[in-house]
Amino acid sequence: MAIREGGAGRKAFQVFNTVFLFLLMLLCLYPLYLQLITSISHGLEVMKGGIILLPRNVTFNTYTTLVRGELFMYMRNTIVYTVVGTLVNLGMSCLCAYPLARKTFSGRKFFTALVTVTLFFSGGMIPMYLTVKQFGLMDTMWALILPGAISTYNMIIIRTAFQSIPDSLIESAQLDGANDLVILARIVVPLSKATLATMLLFYAVSHWNSYFDAMLYINKKNLYPLQIMLRNMLIGGLFNEETAIAGASADSFAVTDATLRSAAIVVTTLPILVVYPFVQRYFVKGVMIGSVKG
Amino acid sequence: MSAHPQTRRAGQPLLKRAFRALKRDRWLYLIMLLPLAYYLLFWYYPMYGVTLAFKQYKPKLGIIGSPWASQNGMKYVLQVVNDPYFWTVFKNTIVLNLENLLITFPAPILLALLLNELASNGYKRLVQTVTYLPHFLSTVVVVGMMNVMFNSSGIVNQAIAALGGEKVAFLNEARYFRPMYIGSNIWQGIGWDSIIYLSALSGLDMELYEAARIDGAGRWKQTLHVTLPGILPTIIIMLILAMGRIMNVSYQKILLMMTGSNQSVSDVISTYVYRRGITQADFSYATAVNLFQSLVSLLFVGVTNTISRRTSETSLW
Amino acid sequence: MKRNRFTALFLAAVMLLSLAGAALAETPSTWLCDELTELHVMRDENPSQPIKSDTLKLKTIEELLNVKLVIEAPPKASYSDKKSVLIATDDMPDIMYVDFADVKAYARDGMFVNLSEHRDEMPHLFALLDANPSLSMSTIDGQFYSAPTLYRSNPDTALSGQLVNFRMDLLKKYGLETPTTWDELYEVMKAIKEKEPDLIGMTNRKAGNTTATRKLLDCVSYPLGSYSSIYYDKDLGGQWIYGPAHENFKGVLSYLNKLWEAGLLDPDYASMTKDLWAEKLSSGQAMCTIDNDGVVRNYNVALSTINPEAAFGVIPTLQNALGETRNIAYSNDRPANAWVIPSSCENIDLAIKFLDWCYSEEGTDVNNLGKEGVSYDVVDGKKVFKEEVLAKYAANGANAIYDMSSELGIGLLEFTPRYDTTPDNQMALYLQGSDEAREAYRAVTQAILNDPGLVDNNTIITAPPLSAEETERFNELLVAVENIVWQEVDKYITGQEPIENYDKVIEAAKAAGAAEMEDIYNKAWAAALGE
């Protein structure tokens, strides 16, 4: 979108915009940077506070400690749940959104109502738990994937995108003898790439960050996702209240819960960050309507 | 919402019409089959749980088998609506969320528009990627950093003091609670929430800009007449969906920010239910509150949806 | 190849022999069941001490009892959610770790096995329960539905509490006497503040999901003559009192106001966090905090890197303006943390036998020390961890005790219904390094143990048994009263309202049900004692 035109006002705006966004960027980058320098600072220095710009008394023991725990197992689990879960999410959401987006669909009103109700009402934790148990999903990956197979919010956003595709396109495909499944796969999905890429990101991140379902439905430690570990570190607190003991040397405070916590944040955040640039590739101008009409 | 002409044809027996529609839309019904199964199994099948609001829950008997609560099953509902403090937190919830919506809703749209104006594609991508980072920090960390920055000897108060001002108790005084809460929400969500608008922007028709330019429209006019109308459906849908969450406030962040002095504005429904839950694991009470919240958000969404349907093409249903 | 065949033959022979042997030999008398049986138990996992599935303790239990213990350990951060769903759906493991509040809420619905009905099969547990009449407060309608976490006294006993932790080096530096009353504490802090105006006098923290102000008052109001919630006041004629709705609470608020006016109370006291608290203590910004002395001592290490002299020490219980000398010590018995056997358990008999074994001396040894000869020895009748075991984990410093406990599967944070402080204290002593340091450490723990002002918090806050209706009514009132009180307290601490006006808060709290709450407790208390 590089349209260069206009006079001094435009130039001034460009400068302002560039600087403003740069400042915003700094503001958003800093906290993660802070976690990074905290994670490699000596635990005692972190405890004393005041680490603002640079790490102090650098040590990488935090990361070796993290790796010594079952970090990789949790990480692998999370990746599997995220990949499989997101695929299921996207597939199911498209299947659901497409008929609802078709203005001529005779069941549209009924199904829209059926789906919309779930935005407001749900059975609650107890019947959900019993349902998952009854379906035999306990202690399996599917307990984390099937109950949330469609996020109605995201599905509605997809539906809105599908609706913006001109009816004429679909009608002409129908005249060519294509059935709706073919139309969905060959026309509608490719034309909604930008939205679907966004939804892929939304779904993937929500799988990546989720812990509650795992906490409820998973009892086997070897199936735990990463976030369960992270959350326990975040909320577990610095020292254990119940059995605080004293008398350790300064060296023994090289790794404290505070530095471990920061390291865990860094480790859980970095992998998911790489997804976004991949999604951005689909935010290319004029993929959709322009190309179709042209 | 124009009904299909076929379904309007009078005089045809209902069954026959239904059968015809089924046959005509068989592929659509087929496609809908899996999602339908999903919604039935994982949403409607457990929906009986809603009756918990009217039951005296006994785990051994299950939800269905548990006896109805006293006062014709209305015990918990009455406990909710007859509690004056509940109405205080109800008001706090709505005010906090509306103020929050008023500010955090337009912010990401603005960011998306500003990003859209950037000449350099590389810089644009960089800003996008960086601004969505705070979304990944958990509430505990965000509030923790806020405490470090805004306490009496934190960097903000040091700056105020250096400029000759009085130190401000940002974290304690009631009047600063909402600004602090909303401010941190913007910071945490602006980049992430702008993604959806960026994706909508990327779908805009270049020809429309072309046409606008030929008509002599400057950048500002193009934004006003092409860009904004182009992403309006997305904005409206996002607004309606946001209305659906008008009663939801995560209790975690509030509990971390709550002090005795700001409780009069910071105490919301979720924190109140949480506090009650510590002393008594009361699923029925919580369900009754949920039910109430659902009805209120249904009202908000209904009104927004109706307004939107009357004034634009876009609507949830 | 040949060798392999030989090995196989040899193995087969051994197996045959051992089978024959097993058939001939009687089941070891310590076994709880003839066939190796799995028992699933659940407790929360503390992030400091991961619960492992191949510990010395589990192996020892399997050898001794022929029980294969499987510990399911959801993370501490989400345990309360998990626990309430498991109870509410009646989908519990064989033995589960719960709050006594859960027992109160669900025992009457028949969710848990009534242990009192199995009194004869649980001799070890009931011997302990009978020996301590105050534990009868953990009953529901006179019956035990849960086994409380109990403490075994041992030569390494230590006590901890919300004690007055003070920078002793500052007293020495300015030649000040150790205060013996709260007023002297104020004077001392004021004197130090004059020399070092940047120092904060008293600081505090936030804990859990209550406010920082509430935590401060939880810590200071009992020693100052009241309490922050309902409590049993032995000095007011022995009755249950809702502290904030009583005259004495004004004394607490006045004292804090006095600190505030003199600039001695942390300006951020109302919005403190645990991290900021740690920062202020460990970087030498504060003189004093009333809190868990064990946690505070940990900050001495950081403090000593700034100033080798600087250290927090515990000041013996101070006398308040009412002439009382009292403070709260954490109770060693923990009736609030209880172990239940769900009535839906498929192997109730075994669960009962096993749970009871955990309260026996042998069970307590295994759960806290591991296996004799492997992890510990008995020297002159005293159980001591092997030096090489302590040395192995001591290298991990601050985490030594957790790493050792995690590896061996022992201690309070494991599946340990009856615990003692042996591992903690022996490790703490070991970590001191020199005998001199050990002596100093012992002196500190002994001083706290011998402080006559410390009151076991069980005797202050453990509620009398209530009926279902009383429980519901009480909780209802408590929520309403707390909504009133805790929005007002800060105004009196910071002097926005003169203390005389607090009478209005007392009136409002009473009108909202504070008096009725006290009534409920006092009646139930009298009834419990009458039985």
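In strand β12 of chain C, the residue that bridges to C:M96 is C:V340. The two strands involved are β3 (residues 95–99) and β12 (residues 334–340) of chain C, which run antiparallel and are joined by four bridges. A word on terms: strands (E, at least two residues) and helices (H or I, at least four residues) are DSSP runs, numbered from the N terminus. Two strands pair if DSSP finds at least two bridges between them.

This is a predicted model, in which local features need pLDDT of at least 70, side-chain atom pairs count only at pLDDT 80 or more, and totals for chains, interfaces and linings use all residues. Residues are numbered from 1 along each chain as its sequence is written, while chains are lettered from A and ligands numbered from 1 in the order in which they are written.

Back to the sheet. β3 and β12 of chain C belong to an open sheet of six strands with mixed pairing, in the order β2-β1-β3-β12-β4-β15. Its edge strands, β2 (67–72) and β15 (418–419) of chain C, each pair on one side only.

Chain C also has an open sheet of four strands, ordered β6-β9-β5-β10, again with mixed pairing. Here the edges are β6 (200–203) and β10 (312–315) of chain C. From one strand to the next, the twist averages 25 degrees; angles run from 0 to 180 degrees between N-to-C directions, with axes as lines fitted to C-alpha atoms, for helices over the stretch in contact. β6 runs parallel to β9 (residues 286–292) of chain C, with three bridges between them. One bridge partner of C:I200 to note, in β9 of chain C, is C:A286.

Next, a hairpin. β13 (residues 376–379) and β14 (residues 382–385) of chain C are antiparallel and joined by four bridges. Opposite C:V378 stands C:K383 in β14 of chain C. Two residues lie between the strands, and C:D380 in the turn has a positive phi of about 50 degrees.

Now helix α14 (residues 387–394) of chain C. Which of its residues are buried? They are C:V389, C:L390, C:Y393 and C:A394. Buried means that 20 or more other C-beta atoms, placed from the backbone, lie within 10 Å of the residue's own; exposed means 12 or fewer, and partly exposed is in between. Seen down the axis of α14 of chain C, the buried residues fall within an arc of 125 degrees, so they line one face of the helix. The arc is that of the directions from the helix axis to the C-beta atoms. On the other side, C:E387, C:E388 and C:A391 are exposed. The buried residues pack against β14, α15 (400–408) and α16 (422–431) of chain C.

As for domains, whose bounds come from an automatic or database domain assignment, chain C has domain 1 (28–153 + 337–431) and domain 2 (162–329 + 453–460).

Last, the contacts between chains; two residues are in contact if their C-beta atoms, placed from the backbone, lie within 7 Å. Between chains C and B, 31 residues of chain C meet 23 residues of chain B. Helix α19 of chain C gives the largest share of chain C's side, five residues.

Chain A has 16 helices and zero strands. Its contact with chain B takes 75 residues from chain A and 68 from chain B. Helix α1 (residues 8–39) of chain A gives the most to chain A's side, with 11 residues.
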